[in-house]
Amino acid sequence: MSAELEVAARGRRPVAQLLDTPVPSDLGPAAPRRPDDVPAPVPVHWGEALLVFLLGWAIFAGIGYHAVVVQHIVPGDALSAMSRAFYVWHNDPAKLAAIGFDQPPLQTIALLPFALVKPLASSLVALPVASGFWAAIALLFVHRTFARCGMPMAFRLVAVLLVAANPRLLFYAGTGLPDMVYVAALSGALYFLFTWVIEDQPRFVAGVGIALGLLCVTRFGFMIWAPLIMLVIYLALVRHGADEREREGLVTTVLAPPFASIVVWIVVCWVIAGDPFGWLQSTGDSHGLASAAAVPWDVGSLLSNTGWLLLGSTTMTLLALVALIWRASLGDAIATGLAMLTVGAVVIMVGDVVVNDDLALLSLRSALPIAVLGLAAAAWLSRVGGPAGMAMTLVGLAVSIPITGVAMDRYPYQNLEQAFLRGLLHPGEDQEGTRSRGGYNVGISADQRMAAFIKAMAGKQRDSVLADNSTTAGVILLSGRPEVFADRVDRGDGPFQSLIRSPWGRVRYMLVAPGAGGDAIERTWPGATRGRVRGLQPVFSVGSTTLLLVSASDPRRAVAPATPGSRGGSSGSGSSSGSGSTSGTTTTGSVRPDSLATVQPELAP
């Protein structure tokens, strides 16, 4: 009896002999292997890559610590992002929904590990540590891209040092801004793209897709970038003579992760916030501008500011673009794709200005992705240009440093870059109280003093201070006591708005801080910070922030005459007219003796 019959007799399914089975002829001819035009990638020892990461993280975090903690150069967007991450761990109750649904979620999620330790977050030490970490990841990807493109160790280490020494990168990498998260993801996407082009292994295309998926939930504008990067891949496929099946497969591999990330975010917003597309109307991406007032544009101002921005902050990109166009004329498909990607990024940036009718959106911050593209272009030109291309890359990176410094000092639309440059050149000078181009008052002393005052007045009483966390994030974070504040994170927008409209007897204080987006409490009770609303009495004011004492009963309703010593009565009418001081700052309005009696022991030595 044959082996097949014996197996069948035992009731088992025979095993197919796959190795001996001929391939059906109707599958068509197999696609030919495309030879790699580089014999082998430049070997990089893991110790070198680890050194680049650790040294970069140490430099960025060290310089950032001095800028943030010592010189008090703290961007508002950095405070806002860290405060949301802080809420996730330390609010009462702790909520993952604190990341918010009107901002790209990954900007906050990437900060969660660094907000875990409360003293590090509330002292702002976590800001440079977090942004420095993601900047070091980006620097590592740049280093690896240079190696993939055939740059020897000496050249690539010098190139990486020049990239890290750029003052604008030091600013974003050291001050806690969440932009470094998308810079790391974009650098990773370009690294995987170049690796696939050079080594011709489809698994690296999956890396491009994953990086694009992360980009889309780090900054929503990168949804437009996915087709542009797909264009570079398509041109590479055409260059290699790929057949239609391979093109379709790689296109799907690249576009599936971005599509999936957006779908997942829509579902999350729908299930938790009840508004699946509310993030599309978000105005949260203001590029860190000090004012929400739009600056109208005309053709002349648009062209001049675009030229000034590109020349001053993306010098390497402009130099590389000229070389890419020359290489494209010689039939270099990758150079053609990179040139089209760079031009497309500029068009997207300018289009944002035109659509929103706001010239101020042409900020130094908005050109950061274009600068990253310049590094990728320099790596490719180093590969195709040999030693001459590598030398030109080093020269371009070196020239970019002083030119970027001039732009940080003089370009009108920015986010504390001028103050950071001033602090970098004069490390012994505190920038607290100085001015920075773009309408900024540098420093956080006002928020620190208000946080200290609230800790003394409210103690640890839960939900005793009503605050709009979109404008008071700095005070909440610096206080280190998010449980003291009642805000959107605790109950959601609906109950929060209800609490604003009727705070009487439900909270002791209200914190008002007008911001670029407008404070919800100020919009509901205009004039309250000037003592023009009965039942809301200014207690302490510093900078643009005011703490209001809330009456125990609604003064708009008829009440019985107040008895001596009671907390109710004619709240808001000024039962006493004295004034006090805290930390050398005069309190505004009047403070009633009965309200101070409850906190006087906490203020006593």
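The legends below describe close-up views of a predicted model.

**Figure 1. Confidence along the predicted chain.**
The protein has a mean pLDDT of 81, and 82% of its residues reach 70 or more. Residues 7-40 have a pLDDT below 50, and this stretch makes 19 contacts in the model beyond near neighbours in sequence. Residues 562-605 also have a pLDDT below 50, with 74 contacts beyond near neighbours in sequence.

**Figure 2. The open sheet of five strands.**
The strand order is β4-β3-β5-β7-β6, and the pairing is mixed. β4 (485-486) and β6 (536-542) stand at the edges; each has a single partner strand, so one side of each is left without a neighbour in the sheet. Strands of a sheet pair through backbone hydrogen bonds, either parallel or antiparallel.

**Figure 3. Strand β7 and its two antiparallel pairings with β6 and β5.**
Strand β7 covers residues 545-550 and pairs with β6 over six bridges. Its pairing with strand β5 (residues 509-512) has four bridges. Leucine 549 in β7 is the bridge partner of glutamine 537 and also of tyrosine 509. Threonine 546 in β7 stands opposite serine 541. In the hairpin of β6 and β7, two residues lie between the strands, and glycine 543 takes a positive phi near 60°.

**Figure 4. Side chains of strand β7.**
Thr545, Leu547 and Leu549 point one way from β7, while Thr546, Leu548 and Val550 point the other way. In a regular strand the side chains alternate between the two faces of the sheet. Six of the six residues of β7 are buried, so the strand is largely enclosed by the rest of the structure.

**Figure 5. A salt-bridge network of Asp77, Asp179 and Arg365.**
A search of the whole structure finds seven salt bridges. In the bridge between aspartate 77 and arginine 365, the closest N and O atoms are 2.6 Å apart. Aspartate 77 lies in helix α3 (residues 76-90) and arginine 365 in the loop between α15 (333-356) and α16, so this pair ties together parts that are 288 residues apart in sequence. Arginine 365 also meets aspartate 179 in a salt bridge, at 2.8 Å from N to O. Because aspartate 179 lies in helix α9 and arginine 365 in the loop between α15 and α16, that pair ties together parts that are 186 residues apart in sequence. Aspartate 77 is partly exposed, at 26% relative accessibility, whereas aspartate 179 and arginine 365 are both buried; the value for arginine 365 is 7%.

**Figure 6. The salt bridge of glutamate 199 and arginine 148.**
The closest N and O atoms of this pair are 2.0 Å apart. Glutamate 199 lies in helix α9 (residues 179-199) and arginine 148 in helix α6 (residues 126-148), so the bridge ties together parts that are 51 residues apart in sequence. Both residues, glutamate 199 and arginine 148, are buried.

**Figure 7. A nonpolar patch on the surface.**
Phe259, Val263, Val267, Trp270, Val271 and Ile272 form the patch, and together they have about 660 Å² of accessible area. Phenylalanine 259 is found in helix α12 (residues 244-273). With a relative accessible area of 60%, phenylalanine 259 is exposed.

**Figure 8. The surroundings of valine 406.**
Valine 406 is found in helix α16 (residues 368-410). At 37% relative accessibility, valine 406 counts as partly exposed. Leaving aside residues up to four places away in sequence, valine 406 touches Trp308 and Tyr411. Valine 406 and leucine 421 are 15 residues apart in sequence, and their C-alpha atoms are 9.4 Å apart in space.

Methods:
Residues numbered from 1 in each chain as written. Predicted model: local features only at pLDDT ≥ 70, side-chain atom pairs only at ≥ 80, totals over all residues. Heavy atoms only, no water. Patch = residues over 30% accessible without salt bridge, like charges linked within 9 Å, V, L, I, M, F, W, Y side chains within 5 Å. Areas by Shrake-Rupley, 256 points an atom, 1.4 Å probe, with all protein chains shown as cover. Salt bridge = Lys/Arg side-chain N within 4 Å of Asp/Glu carboxyl O. Buried < 20%, exposed > 50% of the residue type's maximum accessible area, 1.4 Å probe, protein only. pLDDT = per-residue confidence, 0-100. Contact = heavy atoms within 4.5 Å. Pairing = 2+ DSSP bridges.
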